[in-house]
Amino acid sequence: MMLLLLSTVAFSKALTVNSLLCEYQVNPVGIDILKPRFSWKLKSTLRNVLQTAYELRVSTNAGDIQTGKQLLYTSGKVNSEQSVFVSYKGPQLLSRMRYYWQVRVWDNQGNASPWSEVNFWEMGLLNPREWTAQWIKTNNLADTTDGASPMFRKAFDLSKPVKTARLYITSHGIYEAFINGQRVGNEYFTPGWTSYNKRLQYQVYDVASLLKSGGNAAGAVLGDGWFRGHLDKWKNLYGKDLSLLMQLEITFTDGSKTTIGTNNDWKTSDGAIRSSSFYNGEIYDGRLVKSGWNTSAYNDEGWQEATVIDSSKSNLIAPVIPGVKKREIFRPLKTFVTPKGDTVIDFGQNLVGWVVLKIKGKKGDVITLNHAEVLDKENNFYTLNLRHAKCVVKYILKGDAEEVYEPHFTYQGFRYVKVSGYKGRLDSSMNIHAVALYSDMNTTGNLTTSNPLLNQLQHNIEWGQKGNFVDVPTDCPQRDERLGWTGDAQAFGSTAAFNMNVSGFFSKWLKDLSADQRADGAVPWVIPNMMPKTSAGVAGWSDVATILPWTMYTTYGDTRMLEEQYPSMKAWVNYMRDQSKDNLWNTGFHFGDWCFYTPSPTDDSGKGAVTDKYLIAQTFYAHSTQLLINAAAVLGKEDDVKSYTELLNQIKLAFQKEYVTASGRVLSSTQTAYLLTLAFDMLPEPQRVPLAKRLVQNIKDYGNHLTTGFLGTPYICPVLTRFGYDDIAYTLLLQDTYPSWLYPVKKGATTIWERWDGIKANGDLQDPSMNSFNHYSYGAIGNWMYHTMAGLNTDESMVGYKKILIAPHPGGKISMVDAALETSYGYANSKWEVSSGIFKMDITVPPNTTAKVVLPGAARKGITESGKSINTVKAISGLQQDNTDVQFQVGSGTYHFQYPYSN
Ligand code: BGC
């Protein structure tokens with residue numbers, strides 16, 4: 001026994017296990033997954049470490065688990081390398097129960113880790129019947145869209161000390177909840193946006209610390225949100241009434257329990273929030289604040305009784321990820337007066353969130369904040385591109401010594417704020433600041449280069465993501481749209497997965513996609529779908545149903561998600577098959593290569609890069625079918641692999657017959673047509689290289705510019721690289737005249753624009769009906785920047801970064817690229833530097849992974865690792881000289897390679 005203890009302690013230095021996740025979260029409270037999965041990371045100072053076994057244990061009591069007694073479940077020692085998404089296999093999990101878990105691991109170096117720290121997860125309410133609370137609404141007739149926010153309250157006494165307390169809550173509309181005057185939780189726009197009629201999230205909060213003995217009060221305020229607020233040209237899409245469902249369950253130290261649930265005992269009124277909507281902003285009248293309304297001491301005599309409504313609880317689900325939270329804070333960069341005389345604050349970053357005010361003034365003074373992304377050519381405040389979204393916040397002062405205010409149920413996309421009506425000073429960073437709000441996802445990627453313009457491009461891509469990952473992936477965050485456009489999400493998904501951990505975020509959204517997919521398999525243009533049912537089934541948009549699950553699977557190795565999405569993937573492919581005649585899908589409405597280059601809307605030069613929409617449809621039909629086959633192979637669905645492979649052959653033959661000329665030209669002769677044809681292997685092998693040449697010629701014909709829209713852009717640099725044209729890929733990446741990625745950077749962009757020329761060369765702004773300055777689609781180049789320029793990616797043979805592919809393609813006179821990625825296994829890094837004829841490459845491969853490394857432009861003889869010949873490094877195997885590259889396999893650890901290099 002003594003010996004055993006000693007050896008464990010000695011081993012613990014070499015190997016530990018940390019970063020425990022249950023499903024997609026750290027210690028989630030309120031999940032409803034009956035077989036949750038566990039992930040962990042190994043930490044080791046050694047090289048070449050692989051997990052050889054793990055042991056998991058679970059208990060309902062934190063104390064018991066440490067002793068190893070009274071365990072609910074133990075996996076025993078399982079010989080396996082799996083450390084990501086390991087499924088729980090114990091007894092059935094119960095509603096409300098908190099489960100504690102820990103794990104220990106063994107490695108291939110003879111080490112055993114000590115047990116990890118104890119983490120937990122807690123189940124939500126697994127059966128709709130456990131909701132004893134009732135849906136309530138206000139009976140105020142004025143309660144309509146854009147009206148005052150209804151408030152609800154209930155005072156109650158607690159005579160015994162509280163042991164635990166949980167608040168289970170959701171709403172029709174979005175809520176802010178309070179207990180004894182304190183805001184519950186730090187999430188915004190809860191319960192989030194889902195396909196409400198089928199899936200409505202509830203949140204669970206541990207609120208024990210907010211309760212006290214004696215008088216208590218619970219309350220909530222509701223906003224229109226997505227439920228009945230404006231969405232595109234519609235409103236009241238999910239219903240006309242805001243309502244609340246709130247269930248506070250308290251367990252006392254003596255074991256007894258009580259539940260305070262919404263019912264007609266609750267009181268309702270309205271207060272200071274006179275109007276609040278995503279598009280239009282908020283009107284807040286400080287004079288109408290009902291001070292202390294959410295505390296027990298408040299006298300609610302003037303309040304009315306809430307009305308109980310009969311509304312479904314069977315659509316309630318627990319969230320898989322946290323919602324929107326406050327993130328970065330921005331202080332004013334400068335305050336200035338425009339030529340038109342407006343006082344404007346510049347926050348220096350096009351961000352999504354709101355402005356917080358700390359001000360003094362007379363009772364009844366009105367301060368008005370208008371939000372804008374850009375100034376016009378004359379430096380005046382510009383809001384035309386917001387279309388019908390007012391984006392105005394009005395605050396009416398109470399007249400207190402100091403008033404602090406931030407909006408509640410709205411958010412704006414802005415860099416500039418016009419302030420009117422305020423007499424006080426604004427330039428002090430103390431009294432006004434902006435807060436970015438977006439979904440709570442960990443930043444996983446970091447990419448820097450020796451080129452400042454590329455660094456700004458990467459920054460813009462990241463901020464395009466932050467601003468548009470507001471509970472669902474949106475097209476843009478500012479105008480009267482802000483919808484889950486599927487085409488944008490499929491184009492940007494793989495880039496997004498480098499920058500942040502989006503596995504939970506997209507797995508939630510994909511469930512809404514399945515929920516909203518039509519019975520005939522057509523996938524709506526937007527998810528959650530709030531458009532007519534006919535707005536569905538378009539090439540390059542609906543294909544998000546196959547593209548995103550596959551991207552998530554390859555990035556995170558989430559097989560269960562792939563399995564859950566499989567019926568949706570298949571239904572989408574079947575939809576296209578059903579629309580096709582002789583395997584050709586050439587009917588129906590399509591958006592095409594949205595926002596492609598054209599010299600002018602009335603172009604007659606023939607330079608407009610219009611790609612035949614049905615050609616696009618046929619290529620995406622093939623691509624989706626291929627991804628379905630890939631998924632079927634992973635899931636062991638051999639029959640599907642066989643039948644869809646046959647279908648795919650037919651789709652490609654039909655394509656070749658319809659769109660390829662005898663001389664091998666593709667109709668249309670555009671970059672996007674070539675790219676989709678090549679990227680999706682639409683042609684037999686011998687015809688591909690000649691087509692790639694045509695692509696390059698086309699790029700040259702446009703003076704080394706891209707002409708692609710949303711659908712072609714993600715593929716341009718990857719296809720050029722694949723066919724040996726890194727030089728052209730770099731030329732496009734570094735091009736800084738329109739159309740190009742760096743043109744907006746040079747124009748001062750801090751996010752990715754919807755159009756290549758949102759601001760024209762002469763300073764004019766593009767057509768305001770479609771000119772968002774925060775649209776992430778073109779940011780899809782980020783994928784190539786990580787994957788190829790930096791050379792960091794998962795090896796497809798072992799997805800989810802279990803095997804890493806480190807294969808940089810230096811070029812473009814860039815002397816340094818450093819990309820880091822927090823993978824599911826830990827920190828991975830690929831950094832290269834070229835100077836004075838020496839190529840240096842520093843890499844980190846996390847424990848429990850291996851990497852295939854390809855050193856570019858290297859000769860085996862000249863390579864050293866940490867100063868020694870590469871041949872002597874133990875963790876390296878399979879060294880092989882390959883034309884100008886050297887490749888090998890390497891185990892985990894950090895390595896420093898160096899060799900002579902000429903470019
Ligand atoms: C959105 C796009 C979207 C498109 C459909 C636009 O209004 O902003 O990003 O994909 O409609 O073509």
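A crossing of two helices is called left-handed if the near helix is turned anticlockwise from the far one by less than a right angle. Keep that in mind as you work through this predicted model.

**Exercise 1.** Find how the axes of α11 and α13 cross, and which residues make the contact.

*Solution.* Start with the two helices: α11 covers residues 671-679 and α13 covers residues 713-722. Their axes come within 10 Å and cross at roughly 60°. That angle makes α11 oblique to α13. Next, look at the hand: the crossing of α11 and α13 is left-handed. From α11 come Q671, L675, L676, L678 and A679, and they meet Y715, I716, V719 and R722 of α13. Sorted by class, this contact has seven nonpolar residues, one polar and one charged.

**Exercise 2.** Now do likewise for α8 and α9: at what angle do their axes cross, and what classes of residue are in the contact?

*Solution.* Helix α8 (residues 559-579) and helix α9 (residues 613-634) have axes that come within 9 Å and cross at roughly 145°. The crossing of α8 and α9 is left-handed. Residues of α8 in the contact include L562, Y566 and W572, while those of α9 include F620, Y621 and L628. By class, the contact of α8 with α9 counts 13 nonpolar, three polar and two charged residues.

**Exercise 3.** Which residues surround the ligand?

*Solution.* Around the ligand you will find D475, R479, E481, W485, D488, W541, F591, W594, F710, E754 and H775. Then zoom in on distances. A polar side-chain atom of D475 is 2.7 Å from a ligand oxygen. For R479, a side-chain N or O atom lies 2.7 Å from an oxygen of the ligand. For W541, the corresponding distance is 3.0 Å.

How values were computed. Residues numbered from 1 in each chain as written. Predicted model: local features only at pLDDT ≥ 70, side-chain atom pairs only at ≥ 80, totals over all residues. Heavy atoms only, no water. Axes fitted to C-alpha atoms, helices over the stretch in contact; angles between N-to-C directions. Helix = DSSP H or I, 4+ residues; strand = E, 2+ residues; numbered from the N terminus. Parallel < 35°, antiparallel > 145°, perpendicular 65-115°, else oblique. Contact = heavy atoms within 4.5 Å. Nonpolar A, V, L, I, M, F, W, Y, C, P; charged D, E, K, R; others polar. Near = heavy atom within 4 Å. Polar contact = N/O pair within 3.5 Å; in protein donor to acceptor, adjacent residues only side chain to side chain.
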